[in-house]
Amino acid sequence: MQTCLSTGRAAGTAAGAQGVCRMQTTGRSHAPVQRTLAGSAAAMRASSSCSAAAAPKPFRSTRPRRAHAAVVRAEGGNGSSEYDYDIITIGAGSGGVRASRFATSYGAKVACVELPFDYISSDSKGGVGGTCVLRGCVPKKLMVYASEYADDFKDSVGFGWEERGVPSHSWTTFLEAKRKELQRLNGAYKNTLKNASVELLEGFGRIVDAHTVDVSGKRYTAKNILIAVGGKPTKLPIPGAELCITSDEALELPAQPKKITVLGGGYIALEFSGIFQRFGGEVHTVFRQPMPLRGFDEEVRKFAFEQYAAAGLTMHAGHTPVEVRKQPNGLLTCVVADKDGNQTEITDNDHVMMATGRSPKVGGLGLEEVGVALGKKGEVVVNAYSQTSVPSIWAVGDVTDRINLTPVALMEGMALAKTLALGEPTKPDYDFVPSAVFSNPSIATVGLTEEQAVAKYGDVDVYTSSFRPMRNTISGSPMRTLMKLVVAAGSDVVVGCHMVGDDSAEIMQGFAVALKMRVTKAQLDTVVGIHPSAAEEFVTMRSVSRRIRKGQPVTAAA
């Protein structure tokens, strides 16, 4: 799975890999749908088990966060002789593996289709583990860890360690260690499927009809088909795009870039910008918006923007990529333009990286041919139970473009396993999903932004704290931390929590539990802080930074 290019922790086991990918979408709820989840359409029409009508009503999509009154029936897996399998899953990433192995634990007969392993994905290469484990969250986080040592060496001088400069780094040694870990994880995920009695079918899976999957020329039938193929990087349609790399290639560069231009203002762009800058490279980050990280809290965006510049990134805000061309010496020139059309050439790049979005990896799957509805981005349209417009075909993870995070795909896969194998219709719960950006500095968030809270509640209290962490006062680092709580004034419930600074992801995981349980600001105020720590700031903020009433700011003291 996912586009998942962020992780909360390194994956120690196949079952424990965590990731990220972050695009969140919202949509409309749909009218009640009454549908048998397994078997052919003809069988459903003939079935007397349908609650209110003999045939399912027309399919309508839904998005997370909006409840609906759908009535869903499911048949548990019993290895019916009518089909080869109860479930065939196409895609052995986080969501596909989770759904498959739990479905077998509930009694279903399951097969999982995946391409052979490689470090860089293609139409013929992939690997058990998926994007997060093999080409996203995990290798990216390993690069973050490696790059952070450069700052540690510099910061140690302020604490009395002898200044000797940053020691040399062997990129080859790191690359070999990273590859070894990915090979181990690929094997671990294969063992997870094997130990769960999920049959691995290696090859390219294509859906032939509502119950048939072709795997590299051999056909298999299933009562239900699950699509869990995730997404892939996309490139801008500009001259010279073929000269650019994406996140896949960025994780497999043979040498450390001395100079690189990163195109994009999302989390993937900022994460890789921070990695290459910490390794000592000259990094130029180009994005069209006035600030990076569109969709995040506006105050968080502004603060992070300032901190990225303090960390050493060269930020080209409000610029659009125009062209990439190769110089006579083999290096690359990236041409960008501001809103008035004035062009700037960023020359002598070892690489130009496009971190300009991802798209669902649906090419060649045969979805439209069998009647599966796709959205504007090519995403598989599903209802609240992850069911497509074809009743026996389902989808989870990034391919549905709901909330593109690996832990969300895991949740969706678990819910679907219960729906299909246990006959217990289960919807994923998208409330208070935390996420993190492993940039420099890192960002973590859960719940609503200030802007979303104001739009939803009208009356909002905001608590903020910006400070220089104690470690940085001696190390000499200019980096600062921001912490922010957003409270619905009418109920005193904390509806948003945001942090920019070191260890933000580790801290935010605990606060995600609190917000999920609908903690109030008064309850947070009763908590004793851990001193000295940055985390204690979240439970010691007493003064309101600003109050918003009926959508309009008022004085904090009002």
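These legends describe close-up views of a predicted model.

**View 1. Packing of helix 4 against helix 5.**
Helix 4 spans residues 137–156 and helix 5 spans residues 171–195. Their axes lie 11 Å apart and form an angle of about 145°. The crossing of helix 4 past helix 5 is right-handed. On the helix 4 side the contact is made by Val138, Pro139, Leu142, Met143 and Ala146. Helix 5 meets these residues with Trp171, Phe174, Lys178, Glu181, Leu182 and Leu185. Nine residues of this contact are nonpolar and two are charged, with no polar residue among them.

**View 2. The second largest pocket.**
This pocket holds about 1,100 Å³ of space. Its lining has 44 residues, of which Arg471, Asn472, Gly501, Asp502 and Asp503 are the closest to the pocket centre. By class, the lining comprises 16 nonpolar, 13 polar and 15 charged residues. At least two lining residues come from each of helix 4, helix 7 (267–278), helix 8 (298–311), helix 11 (470–475) and helix 12 (504–516). Helix 4 makes the greatest contribution to the lining of the second largest pocket, with eight residues.

**View 3. Positions listed in the UniProt record as "binding site".**
The unreviewed UniProt entry gives Lys141, Gly205 and Asp398 under this heading. Of these residues, Lys141 is part of the lining of the second largest pocket. Gly205 belongs to strand 6, which covers residues 205–209.

**View 4. The second largest cavity.**
Across the whole structure, the search finds eight cavities of 30 Å³ or more. The second largest cavity contains about 40 Å³ of space. Pro233, Thr246, Ser247 and Ile268 are among the residues that line this cavity. The lining also includes the run Met353, Met354, Ala355, Thr356, Gly357 and Arg358. Five of the lining residues are nonpolar, four are polar and one is charged.

**View 5. The cis peptide bond between Asn440 and Pro441.**
Asn440 and Pro441 are joined by a cis peptide bond with an omega of about 5°. Pro441 sits in the loop that runs between strand 19 (435–437) and strand 20 (443–447).

**View 6. The cis peptide bond between His531 and Pro532.**
The bond joining His531 to Pro532 is cis, and its omega is about -5°. Pro532 is located in the loop between helix 13 (521–525) and strand 24 (546–549).

**View 7. The backbone at Ser197.**
Ser197 is not a glycine, yet its phi is positive, at about 65°. The residue lies in the loop between helix 5 and strand 5 (199–202).

Technical notes:
Residues numbered from 1 in each chain as written. Predicted model: local features only at pLDDT ≥ 70, side-chain atom pairs only at ≥ 80, totals over all residues. Heavy atoms only, no water. 1 Å grid on protein atoms, 1.4 Å probe; cavity = no way out; pocket = protein on both sides within 12 Å on 5 of 7 lines; lining within 4 Å. Points joined across faces, edges and corners; volume = space filled by probe spheres on them. Nonpolar A, V, L, I, M, F, W, Y, C, P; charged D, E, K, R; others polar. Axes fitted to C-alpha atoms, helices over the stretch in contact; angles between N-to-C directions. Helix = DSSP H or I, 4+ residues; strand = E, 2+ residues; numbered from the N terminus. Left-handed = near helix turned anticlockwise from the far one by under 90°. Contact = heavy atoms within 4.5 Å. UniProt positions renumbered as here; feature names shortened; annotations may be inferred.
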